[in-house]
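The structure is shown first.

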Amino acid sequence: MNAKMTIAKEFRIGDIDKRIYGSFIEHLGRAVYGGIYEPDHATADEDGFRKDVIELVKKLNVPVVRYPGGNFVSGYNWEDGVGPVEKRPKRLDLAWGTTEPNYFGTNEFMKWCKKADTECMMAVNLGTRDAEAARNLVEYCNHKGGSAWSDLRIAHGYKEPHGIKLWCLGNEMDGAWQMGAKTAKEYGRTALEASKVMKWIDPSIETVLCGSSSRNSSTFGQWEVESLEIAYDSVDYVSLHQYYDNKSDDIQSFLARTLELDEFIYSVICACDYVKAKKRSKKTINLSFDEWNVWYHSKNRPFDKWSISPPLLEDIYNFEDALLVGSMLITLLRHCDRIKIACLAQLVNVIAPIFTKTGGGVFEQTIFFPFMHLSNYGRGAALLPLMECPKYDCKEFTDVPYLEAIATFDEENGEVSIFCVNKSLDENAVLDVNLMDFEGYAPYEFISMDGFDKKAENSFDNVVVRPHGNALPKLDGSILTVSMKPLSWNVIRLKKA
C-alpha cells in the first residue's frame with residue numbers, strides 16, 4: 001500500500017495546550033487506595049504514595065489530573081476528606097456501591113500532584129450539593145488566609161494556598177445514574193450560580209460546564225445548547241465524554257471509531273458556536289474532553305457491596321486497544337484549536353494505562369505507550385497533513401482511511417514529530433512524506449509498535465506489547481519515505497541539523 005503525506009508550517013491547526021494530555025483519578029475501585037496511595041507498600045514514601053506509580057506517571061508527562069470524580073463527586077462532601085484522618089467519617093458511596101473511608105482527600109491529592117509533577121483539575125459536587133459548597137471549597141483551596149475556610153486549611157497544616165486554576169462544575173449531570181441529575185435548564189442555572197460565586201472568590205480560575213454524558217444521550221445537542229444559553233457568560237469550557245469498545249470483535253470497525261469521534265467533536269463545537277452567535281458574544285467556549293478511553297473488558301464483574309476499594313473496572317488492555325487510543329489522541333490533536341483539555345480516564349488501575357497489584361508490582365498497559373509518545377513528543381503546534389491513502393469499508397463505516405496521522409511542530413526545540421496508525425490488517429504502508437518548508441530537518445528516531453497479536457496483553461510478568469526502535473527512514477531531498485507494518489503505531493521524529 002502506497003500513501004502520500006504533505007506537511008508545512010502553514011498547515012497549522014493551532015497551538016497544543018499541554019493539558020490535552022491530562023488524566024483522571026476518581027475515588028473508584030483501586031484508583032486511589034492501592035493505586036496512587038498505599039502506605040504499607042514497600043515503595044511508599046512518607047506520605048503513603050507509591051513511588052513506583054509516581055515514576056510511571058512522570059514518564060507519561062501528565063500535566064493535569066481531574067479529581068475526585070466522576071460519578072463519585074456527585075455525592076461527595078469535600079469536608080469529609082480534610083483535617084485529622086482519624087476524625088474523618090466513613091461514607092457509603094452510592095455511585096459505585098462501596099464505602100469511602102476518606103483516608104485520602106483534597107490536601108493529600110494536592111501533595112501527590114506536586115510529587116508527580118502535575119496539577120489538579122478539581123471537580124465540585126453539583127449533584128447533592130450546590131454553589132455554597134463549591135465556593136467554600138475554592139476559598140479553602142485558593143484563598144491566602146484571614147477567612148474561615150482558608151484559615152481552616154492553614155490549621156490543617158497547609159499554610160500556602162493550593163492555587164487550583166481549573167474547576168469542573170459537576171459530572172455528567174444529565175445522566176439518570178447520577179446523584180442529583182438535572183434537566184439542562186436546572187443544571188444551567190446551578191452551574192451559572194456556582195461558577196459566578198467561585199470566580200468571585202478567585203477571579204483567576206476557569207470553569208468547565210458539563211456537556212452531555214454521551215453522544216448517544218437522547219438530549220445530546222439540546223443539552224449543550226440549553227445549559228450554555230444560561231451559563232455561557234460565566235463558564236470557559238464545555239465537557240465531552242466518550243468511551244469505545246470492541247464487543248463485536250470487529251477490529252476494522254473498532255479502529256474506524258475515530259470517524260465517529262471526529263463528528264462528535266465537530267457537533268459540540270457547532271453547539272457552542274450557535275449559542276455564541278445567538279448571544280452575539282465575542283467570547284469563544286472551548287472544549288474539555290475530560291473523559292475518554294477504551295472501556296469494555298471489565299464491566300459488571302461481581303464484588304462485595306459496601307467494601308472499601310474493591311477491584312472495579314480493571315480493564316486489561318490489548319494491542320488493538322493501544323492502536324485505537326493512539327488514533328483517538330491523533331483525532332483530539334486535529335481539533336487542538338478548540339480542545340484545550342483532555343483527560344484519559346483513568347490513570348491507575350481503573351480503565352488505566354498503569355496497573356498495580358496491591359502490596360505488589362506495577363506494569364505499563366498497552367495503551368501506556370502511545371499516550372507517552374504523544375504527551376512527550378507531541379508538543380508545540382499541530383499541523384494538519386494533506387493525506388493521500390487508500391480507504392476501506394467495514395461493517396459499520398465506509399471510506400475509512402487506512403492511515404490515521406498527525407504532525408506536530410515544536411519550533412522552540414526545532415523538532416517535528418509524525419504520529420501514524422496503519423489500520424490495515426495485512427499490508428505494509430509505504431508513506432512518502434513531503435516536508436515542504438522544513439528544509440534542514442532530518443529523521444533521528446523511528447519508534448513503532450507492531451507485529452503483535454491484536455489480542456496480546458501485558459502483565460506483571462511480561463510487558464510484551466511495547467515500542468521498539470527501527471532503522472531511520474530514507475530522506476531524499478524533501479521526501480521522507482517510511483515503511484510501516486500492518487496494524488502498527490508509528491512515531492517519526494525529526495530535528496533541524
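The points below cover the basis of the values, the pocket and the helix contact.

1. This is a predicted model, in which local features need pLDDT of at least 70, side-chain atom pairs count only at pLDDT 80 or more, and totals for chains, interfaces and linings use all residues. Residues are numbered from 1 along each chain as its sequence is written, and side-chain values use heavy atoms, without hydrogens and water.

2. The largest pocket has a volume of about 590 Å³ (a pocket is an open set of points on a 1 Å grid over the protein atoms alone, where a 1.4 Å probe fits, with protein on both sides within 12 Å along at least five of seven lines; the volume is the space filled by probe spheres set on the points). Its lining (residues with an atom within 4 Å of a point) comprises 26 residues, and E172, S213, Y243, W295 and K299 are the closest to the centre.

3. By class, this lining has 9 nonpolar, 9 polar and 8 charged residues (Ala, Val, Leu, Ile, Met, Phe, Trp, Tyr, Cys and Pro are nonpolar; Asp, Glu, Lys and Arg charged; the others, Gly among them, polar). Strand β10 (237-244) and helix α8 (257-278) each supply at least two lining residues (DSSP runs: helices H or I, at least four residues; strands E, at least two). The largest share, 4 residues, comes from β10.

4. Helices α3 (131-142) and α4 (148-155) have axes that come within 7 Å and cross at roughly 45° (lines fitted to C-alpha atoms over the stretch in contact; angles from 0 to 180 degrees between N-to-C directions).

5. On the α3 side, N136, E139, Y140, C141 and N142 make the contact, and on the α4 side A148, W149, S150, L152 and R153 (heavy atoms within 4.5 Å). These residues divide into 5 nonpolar, 3 polar and 2 charged.
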